[in-house]
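Hi there,

Here is the structure I promised to pass on. Have a look first, and my notes follow below.

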Amino acid sequence: MALEVNDGNFDDVVLKSDKPVIVDFWAEWCGPCRMVAPIIEEISKEYEGKALVTKCDVDSSPGVAAKFSIRNIPTILFFKDGKIADKQVGAVPKSTFVNKLNALLQ
Amino acid sequence: MAFSTQLMKVCVFAASSSRIDKEYAIAASKLGFLLADAGVEVVYGGGGIGLMGKLADAVLENGGRITGVIPSFMKDAGWGHRGVKEMIITRDMGERKKNMFSMSEAVIALPGGVGTLEELTEAITLKQLSLFSGPIIILNTLGFYKSLIEFLDNMVDGNFLRLEHKGIWEVVNTPEEVISALNNKERGNEEWRKIAKI
């Protein structure tokens, strides 16, 4: 299950993680985000223990959204060792996310 | 006959009123003829009167396939088209619309009253939420939909609707343009399907 991150816990959960982290920036009114959501859930299950999969609602976490200059959603940021290692903007097939994540696990 | 529309299932929403300008009926009949010719399978509200009736008559006369989806209370009141053999009877209006959307790959709205308006705007809403995909084509016979189009522009101006979501529907003026729109795979800017701007 993808973990909810927000302005309050982002630094602790994402930046301080010892594993690669995916952050799926989304909002309720965003159609393409709905298409990406099930893919993120699948990845969350498949990579349990190897990578941390999280979601961030931009409407309730404006601080985090602004910090990373999120302009379009869905934006999926890939973090490693507290830094952005990769990024995907827009709805794309699962394989794109998986390839990016696997690259960080090498 | 264009190959890409063959066997495409298309939902048509239209007026039940028969008291309207005959230009609307002429366009509805023409559309029915063209849809049958294009091999499109039509799904519609099952009515025997108004533009629904005209459309169904034209599809049947030209050997096309048409399925009516009608709530039982309308069928019991005798509102169903007598000539449409494939008729799905639903419990209520909600189930009717749900069936029509799940059966269809595209939506066409002809001029109509509040029923048609409600069905058209539900189609737009579902597509915005990515719960329906496929073209939504508004046949603007005699400029009928002019004020709705202006109203939708007002929604964009007031930020009630995103500009990029205007790509959800397409307005055409003739039945021939409806068929072109159904055939058209390159459908303008559909970036809004992949990305939403904050």
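A word on naming before anything else: helices (H or I, at least four residues) and strands (E, at least two) are DSSP runs, numbered from the N terminus. Please keep in mind that this is a predicted model, so local features need pLDDT of at least 70 and side-chain atom pairs count only at pLDDT 80 or more, while totals for chains, interfaces and linings use all residues. Residues are numbered from 1 along each chain as its sequence is written, and chains are lettered from A and ligands numbered from 1 in the order in which they are written.

**The sheet of chain B**

Chain B has an open sheet of 7 strands in the order β4-β3-β2-β1-β5-β6-β7, with parallel pairing. Two strands are said to pair if DSSP finds at least two bridges between them. At the edges are β4 and β7 (169-172) of chain B, each pairing on one side only. From one strand to the next the twist averages 25°.

**A helix across it**

Helix α4(B) lies across β1, β2, β3 and β4 of chain B and runs at about 155° to β3(B). For such angles, axes are lines fitted to C-alpha atoms, for helices over the stretch in contact, and angles run from 0 to 180 degrees between N-to-C directions.

Which residues of α4(B) are buried? In this helix (residues 93-103), they are B:R96, B:K97 and B:M100. They cover an arc of only 90° around the axis, which puts them on the same side of α4(B); the arc is that of the directions from the helix axis to the C-beta atoms. An α-helix has 3.6 residues a turn, so residues three or four places apart point the same way. The face turned away from the buried side of α4(B) carries the exposed residues B:G94 and B:S102. Here a residue is buried if 20 or more other C-beta atoms lie within 10 Å of its own, exposed if 12 or fewer, and partly exposed in between, with C-beta atoms placed from the backbone. The cover over the buried residues of α4(B) includes β1 (9-13), β2 (41-44), β3 (65-71), β4 (86-90) and α5 (114-128) of chain B.

**The cores**

The largest nonpolar core has 51 residues, of which B:V10, B:V12, B:L55, B:I108 and B:L110 touch the most other members. A nonpolar core is a set of buried Ala, Val, Leu, Ile, Met, Phe, Trp, Tyr and Cys residues joined through C-beta atoms within 7 Å. Helix α1 (residues 22-37) of chain B gives the most to this core, with 8 residues. Apart from it lies another core, of 32 residues, among them A:A2, A:C33, A:V58 and A:F97.

**Strands of chain A**

Of the 6 residues of strand β5 (residues 75-80) of chain A, 5 are buried, so this strand is largely enclosed by the rest of the structure. Strand β2 (residues 21-26) of chain A pairs with β5(A) in the antiparallel sense over 5 bridges, and A:F25 has A:T75 as its bridge partner in β5(A). β5(A) also pairs with strand β6 (residues 83-89) of chain A, again antiparallel, over 6 bridges. These two strands form a hairpin with 2 residues between them, and A:D81 in the turn has a positive phi of about 50°.

**Where the chains meet**

How many residues of chain B are in contact with chain A? There are 9, and they contact 13 residues of chain A; two residues are in contact if their C-beta atoms, placed from the backbone, lie within 7 Å. Strand β4 (residues 72-73) of chain A and strand β8 (residues 196-197) of chain B pair in the antiparallel sense over 2 bridges. In β8(B), B:K197 is the bridge partner of A:N72.

**Backbone spots to check**

Most residues other than glycine have a negative phi, and most peptide bonds are trans. The peptide bond from A:I73 to A:P74 is cis, with omega near 5°, and A:P74 is found in the loop between β4 and β5 of chain A. A:S69, in the loop between α3 (62-67) and β4 of chain A, has a positive phi near 50°. With 7 C-beta neighbours inside 10 Å, A:S69 counts as exposed. B:L142 has a positive phi of about 55° although it is not a glycine; B:L142 sits in the loop between β6 (136-139) and α6 (146-157) of chain B.

Best wishes
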